[in-house]
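Biologist: Please take me through the labels used for this model, and say what each one rests on.

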Amino acid sequence: MPISHRLLAASVAVMWGLNFIAIDASLGQFPPFLLVALRFAIIAVPTLLLVPRPQVPVRWLLGYGIGFGTLQFLFLYWGMAVGMPTGLASLVLQSSAPFTVLLGAVAFRDRVTARQLVGLGVATLGLAVVGWSQAQAAAFAPFLLVLAGGFGWAIGNVSNARARAANPLHLTLWMSVVPPVPMLALSLVVEGPDAIAAAFVPGPHMVPALVGLAYTVLIGTLVGSGIWTWLMARHPAGVVAPFSMLVPVVGLSASAVLLGEHIEVATALGAALVIGGVLWGRCAREALAPRRRRAELRKL
């Protein structure tokens with residue numbers, strides 16, 4: 001991968017890492033379920049009007065929208081709203097990687113290598129350490145909510161992979177059509193019409209909340225996903241994907257600097273294990289590729 005493309009991949013990781021700061025700002029004004037509905041409705045309306053629907057099976061489009069769009073952000077925003085530290089949320093959400101491996105193996109009989117299993121074990125140990133540190137801080141329930149968001153992301157991953165869209169960006173945009181209606185309905189039932197109406201009353205948090213929402217939609221979703229999709233179309237997934245592990249590094253660092261969040265020693269150790277385990281597992285295919293090429297050459 002050329003240096004310019006590596007810089008682009010790193011810039012996307014920075015955009016996505018700062019996304020958690022933007023979410024935190026938006027949650028200061030909007031209740032979490034309503035915020036999820038707003039985030040995706042802003043993308044869904046122009047998508048329905050301007051973007052042709054990708055020619056993929058409806059079940060995988062719905063699976064992507066329900067897993068990645070609805071469940072991931074429902075539990076992520078909920079967890080952050082009830083006390084999950086912003087930086088740690090960016091880390092715990094990386095549980096999607098080991099969840100994706102497990103879900104693919106159990107539901108679709110995907111092959112799992114020994115290297116992936118080792119990475120899965122290390123990342124799981126890291127999440128256990130982070131969970132233990134959050135339990136000591138009486139924040140275990142928010143941790144579990146964000147963990148559930150990681151599982152939702154994994155459902156989206158396996159659905160996305162099986163959709164095999166000719167234009168992945170169109171699939172990502174059409175995924176945004178799925179969450180708004182169920183999330184708005186959930187907001188009406190759980191948060192109530194009064195809370196929804198109050199969220200649109202101007203106050204001291206309104207401007208930061210709107211700026212955060214704009215950042216999430218324009219930079220985090222459209223620009224970030226657009227660049228990422230462009231890179232994934234030009235390079236092997238195993239070359240591009242590891243850059244996503246910069247996201248929790250940026251998220252933890254930005255939260256410490258901008259929000260004053262303190263990172264305990266046990267949490268830092270857990271974070272290192274999660275990042276290392278996910279990187280090790282994601283590099284499995286890269287490690288196996290040269291061996292496969294050598295084996296193919298020996299057959300010639």
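Biologist: Why is Phe-140 called partly exposed?

Modeller: This is a predicted model, and in it Phe-140 has a relative accessibility of 38%. Buried means under 20% and exposed over 50%, so Phe-140 counts as partly exposed.

Biologist: How do you know that Phe-143 is buried or exposed?

Modeller: Its relative accessible area is 4%. The limit for buried is under 20%, so Phe-143 is buried.

Biologist: What makes Phe-99 and Phe-151 an edge-to-face pair?

Modeller: Their ring centres are 5.4 Å apart and the planes stand at 85°. A pair needs centres within 6.5 Å, and planes over 60 degrees apart count as edge-to-face. Phe-99 lies in helix 5 and Phe-151 in helix 7, so the pair ties together parts 52 residues apart in sequence. Phe-99 is partly exposed at 22%, and Phe-151 is partly exposed at 35%.

Biologist: Why are Phe-140 and Phe-143 called stacked?

Modeller: The centres are 5.7 Å apart, with 20° between the planes.

Biologist: Why is helix 3 called roughly antiparallel to helix 7?

Modeller: Helix 3 (residues 58-81) and helix 7 (residues 140-163) pack at about 165°, with axes 7 Å apart. Angles over 145 degrees count as roughly antiparallel, so helix 3 is roughly antiparallel to helix 7. By class, their contact has 14 nonpolar, nine polar and one charged residues.

Biologist: What makes Arg-39 lie over the face of Phe-73?

Modeller: Arg-39 is at 4.1 Å from the ring centre, and the distance limit is within 6 Å.

Methods: Residues numbered from 1 in each chain as written. Predicted model: local features only at pLDDT ≥ 70, side-chain atom pairs only at ≥ 80, totals over all residues. Heavy atoms only, no water. Axes fitted to C-alpha atoms, helices over the stretch in contact; angles between N-to-C directions. Helix = DSSP H or I, 4+ residues; strand = E, 2+ residues; numbered from the N terminus. Parallel < 35°, antiparallel > 145°, perpendicular 65-115°, else oblique. Nonpolar A, V, L, I, M, F, W, Y, C, P; charged D, E, K, R; others polar. Phe/Tyr/Trp six-rings, centres within 6.5 Å; stacked < 30°, edge-to-face > 60°. Buried < 20%, exposed > 50% of the residue type's maximum accessible area, 1.4 Å probe, protein only. Lys NZ or Arg CZ within 6 Å of the ring centre and 35° of its normal.
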